[in-house]
Amino acid sequence: MDDVLAGQGCAWVFEADSLRVRPEGAKVPKLVSELGERVIPYAAIAEVTLTAGKKGTVVLRVVPRRGADPVMTAAAGQLKEPADPWRLVLPAERETLADYYADELRAAIGDSGPVTRFMVEAPPVPRTFKGWDGAATFDGAAITFTWYWSVASTAKYSTGDQRFSVADLENVEWHAPEGTSGCLRLRVRGRQADPDPNKDPASVLFGLGWGATSKSLPFAAAVLAAIPAQDAPTLDAAPAAREVLRAPSGAEAAELIAKLGELRDAGLLSEEEFQTKKAELLSRM
């Protein structure tokens, strides 16, 4: 049976070659809920951290390799910490257990450098969101912008509703909604875009309550992953995503077994669970 570590709003399932993040419980973060269940292969992880959180919590977090996850690639470092979908918040009393799993994940990391193809699946389509000056839809092959006559600029509304094939795109930019700013902009191959997104018919503006991160970021990530491979990163091929994990060294295995013993002694693991995990570690050496 796979190990499960339940935290605030989601649970992490530790499988043979991947980490499965599953929305669960009360107060599921909006972005995590919108993304649904996601899988990150251990081969796609660059770093694992365990830090103190707020109000008696600890935060276990995985950092995907650069270019491995279309959501984090589209976010481009703009996500605020609480919105990060690759973090698990746990009570401080479970820090020892979280530390054990952090070490398990670190032992599974091989190459942590950037990749040129996505290794984590993109959010599924179709996708929609409502921006400040228009609505956006994506059916997997094309993006449609439908303008709101009451607020869209004359430059946009006069061009009529827009439809863009992903085959004609070279990139998509997501600028986080901050107060009354932000936008989603499509970069169309061979087209000189107006620097002002309010006048660019390939851009949808965000506003207060319009273009929320939980809706617009998965949309941007889905479009980004659909752009042809020669122009943008796409989903990694299955064989690469299943690359062989680095086996832990003798010292690493000994340290993990020692931590397992601490968990057993603290009553967090049964003797049977301890022996099973110990055998798994020894078999991977």
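Predicted model: local features only at pLDDT ≥ 70, side-chain atom pairs only at ≥ 80, totals over all residues.
Local features need pLDDT of at least 70, side-chain atom pairs count only at pLDDT 80 or more, totals for chains, interfaces and linings use all residues, and side-chain values use heavy atoms, with hydrogens and water left out.

**Stop 1**

Side chains of opposite charge can pair when their charged atoms come close. A search of the whole structure turns up 15 salt bridges, each one a side-chain nitrogen of Lys or Arg within 4 Å of a carboxyl oxygen of Asp or Glu.

Select Glu 37 and Arg 20: their side chains form one of these bridges, at 2.7 Å from N to O. Glu 37 sits in the loop between α1 (30–35) and β4 (38–41) and Arg 20 in strand β3 (residues 18–23), so the pair ties together parts 17 residues apart in sequence. Helices (H or I, at least four residues) and strands (E, at least two) are DSSP runs, numbered from the N terminus.

Both ends are partly exposed: Glu 37 has 44% relative accessibility and Arg 20 has 23%. On this scale buried is under 20% relative accessible area, exposed is over 50%, and partly exposed is in between (1.4 Å probe, protein chains only).

**Stop 2: Lys 215 and Glu 34**

Next, pick Lys 215 and Glu 34, whose side chains meet in a salt bridge of 3.1 Å, N to O. Lys 215 belongs to helix α5 (residues 213–226) and Glu 34 to helix α1, so this pair ties together parts 181 residues apart in sequence. Lys 215 is partly exposed at 38%, and so is Glu 34 at 27%.

**Stop 3: Lys 156 and Asp 133**

Move on to Lys 156, which bridges to Asp 133 with the closest N and O atoms 2.6 Å apart. Here helix α4 holds Lys 156, while Asp 133 is in the loop between β8 (127–130) and β9 (134–138), so parts 23 residues apart in sequence are tied together. Buried or exposed? Lys 156 and Asp 133 are both buried.

**Stop 4: a nonpolar patch**

Finally, show the surface and select Trp 132, Val 151 and Trp 210: together they form a nonpolar patch with about 250 Å² of accessible area. Areas come from the Shrake-Rupley method with a 1.4 Å probe; for residues, only the protein chains shown count as cover. Patch members have over 30% relative accessible area and no salt bridge, with like charges joined within 9 Å and nonpolar side chains (Val, Leu, Ile, Met, Phe, Trp, Tyr) within 5 Å.

Zoom in on Val 151, in the loop between β10 (142–147) and α4 (154–157). Val 151 is partly exposed, at 31% relative accessible area.

Notes. Residues numbered from 1 in each chain as written.
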